[in-house]
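User: I would like to go through the aromatic contacts and the helix packing of this model. Could we begin with the terms?
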Amino acid sequence: MKLLKIKFFPNIGLWLLLAAVFLWTINLGGVALRDWDEGYYALVARQMYRTGNFLYPLLHDKPFDKPPLGEWLIAASYYLFGVSEFSTRLPLAFFSAWGVPLIYWIGREIFTNPITNKIAAIFSALVYLTLLPVVRHGRLAMHDGITVTLFLLLLLSLLKIQQNKLWALVPGLAFGLLILARGEMALVLGAIAILYLFLDQRLSLLKIPDLWLGLIITNIPIIAWYVIQGQQYGGEFWQGRLFGPLLTRIVQPFHNHDGPPWYYILELIKYSFPWLIFLPQSLILTWQNRRSSWGKLILAGLIVYGLIISIMRTKLPWYIMPIYPFIALSIGVKLADIWSNRQAYPQIWQWLLSLPILVGLGGCVYFTLTNQISLIPLAISLILVFAGVVWLINQQQPKFILTLFIGVYIVLTIFVNSPVWVWELNENFKVKPVADLIKNHTPVDTIIYTSFSYSRPSLDFYSDRQIKSAAIDELKARWLQQSYLLLDSASFQSLQLSHSKSLGSAEDFTLIVPAHKN
């Protein structure tokens, strides 16, 4: 079997980056911001943009309890492009996309088989490029995508130090930015990098003076920022921002986001199709090559990080993100092995890869009946792509791998251009109509109290007001204090507030104020 004719792509990393940036940034402004992190980061960044206060991040005039790297980037984007969904998501999506070529470059360093080296690196990057959760969370205004990118940059720079001493400056920079992106989680990712150096007998790298010099120089501004915060807010800052959140979320669930130890295995199963099909064999191959450089890296990442997030009481879907590069590297090696060596393909591959065809057919019928015409191209693309893949597998053609990469990329492109790529927005009422109602009928800096069961930061962002959730008794008390109330229809009927004036309704909510209030 001939190898991939990569001579037509003189700079593969550049092509991978362009493909990733396109997929990560197209249609970023097509849907509203999501609760929670997107709304919070947008609020904090807009405050920075309006006031110029980048040093002390604030949320509703109170100290924000997360590291500021993402908010700084979003605020800078606001200066360049104005305030919008697109400019909110753009900077983090752009830097998240860099994870794709970084995986390719890491693969070139750790894969030593002269036949499959470059192929395995390319396939690993393409798997990462076409993983649904990686694309989705990388496009959102969240820290998880850029965290993975910085972690990959840290790994690559450690692998490159012996080739060029200029790389010695990069690990410190990457680690410092990780701290500014994810706080103490950077210590976990840094520990995985050190563990890999130990397992691969590369600890001698830590004796290079330039590495430590780079670590000190690049982290002086970051250390200074933390010192300034500590001086401003005292011990509460150190406990709340640097040393507290991770330990707290290990021992107790955050906002009732609890789950069993196998929670992330289920997440992997739910959202990693079609690459999940190849994962069992990929992990077996990785274990068989556990003494190789790439085997040590993959197993160190999967086992250490996997165990940490599994024992954490707090379970959130995006915590799994740093696992995906190791998954992609493992599957990439297996796919390269399949590509380079003739072997009979298991029939179960055909059956499993036929499932999207059935989903697509059902989707065409459902979208037609429910008049969701814009989603029909997504269903048709599933049918065509996986029908072609199944046919090639049936013909024992290794080209099914390339068809799968290209086809899944096309499906994801259609998906992110649809209104459903942030499907969580359909779980609650649409915030924009309610936000317009509030913004048009209340003074600036007004606090509105709502009967909705929890406060939504995205609603705060779009209305440019703070909307606080309140129980019935508190709503009655706030009414006596002449406050604006945002009530759902059931609460509006049950409260029976006298002398009220309705300012309008939207999405089953009514905004009211005492009749005599100006």
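Analyst: A residue is called buried when its relative accessible area is under 20%. Please note that the model is predicted.

User: How many aromatic pairs are there?
Analyst: The count comes to 32 aromatic pairs. In one of them, the ring centres of Trp 72 and Trp 225 are 6.0 Å apart and the planes stand at 90 degrees, so this pair is edge-to-face.

User: Where do Trp 72 and Trp 225 lie in the chain?
Analyst: Trp 72 belongs to helix α3 (residues 69-81) and Trp 225 to helix α11 (residues 209-233). The pair links distant parts of the chain, 153 residues apart.

User: And is Trp 225 buried or exposed?
Analyst: Trp 225 has a relative accessible area of 5%, which is under the 20% cut-off, so it is buried. Trp 72 has a relative accessible area of 22% and is therefore partly exposed.

User: What about Phe 452 and Phe 509?
Analyst: Their ring centres are 6.1 Å apart with planes at 70 degrees; the angle is over 60, so the pair is edge-to-face. Phe 452 lies in the loop between β3 (447-450) and α22 (457-463), and Phe 509 lies in strand β7 (residues 509-514), so the pair ties together parts that are 57 residues apart in sequence. Both Phe 452 and Phe 509 are buried.

User: Which residues do ring pairs link into a cluster?
Analyst: The cluster consists of Phe 123, Trp 275, Phe 278, Trp 339, Tyr 345, Trp 349, Phe 400 and Phe 405.

User: Which rings do the charged ends of Arg 136 and Arg 139 sit over?
Analyst: The charged end of Arg 136 sits over the ring of Trp 423, 3.6 Å from its centre. That of Arg 139 sits over the ring of Trp 421, at 4.2 Å from the centre.

User: Changing topic: what does α19 pack against?
Analyst: The buried residues of α19 pack against α18 (347-369) and α20 (400-416). Among these buried residues are Leu 382, Phe 386 and Val 390. Helix α19 (residues 376-394) has 19 residues and reaches 27 Å from its first C-alpha to its last, close to the 27 Å expected. Just after α19, Gln 396 takes a positive phi of about 60 degrees.

User: Finally, at what angle do α1 and α6 pack?
Analyst: Helix α1 (residues 12-25) and helix α6 (residues 117-129) pack at about 10 degrees, with their axes 11 Å apart. The angle is under 35 degrees, so α1 is roughly parallel to α6. The contact includes Leu 16 and Trp 24 of α1 and Ile 122 and Tyr 128 of α6.

Methods
Residues numbered from 1 in each chain as written. Predicted model: local features only at pLDDT ≥ 70, side-chain atom pairs only at ≥ 80, totals over all residues. Heavy atoms only, no water. Phe/Tyr/Trp six-rings, centres within 6.5 Å; stacked < 30°, edge-to-face > 60°. Helix = DSSP H or I, 4+ residues; strand = E, 2+ residues; numbered from the N terminus. Buried < 20%, exposed > 50% of the residue type's maximum accessible area, 1.4 Å probe, protein only. Lys NZ or Arg CZ within 6 Å of the ring centre and 35° of its normal. Expected span 1.5 Å × (residues − 1). Contact = heavy atoms within 4.5 Å. Axes fitted to C-alpha atoms, helices over the stretch in contact; angles between N-to-C directions. Parallel < 35°, antiparallel > 145°, perpendicular 65-115°, else oblique.
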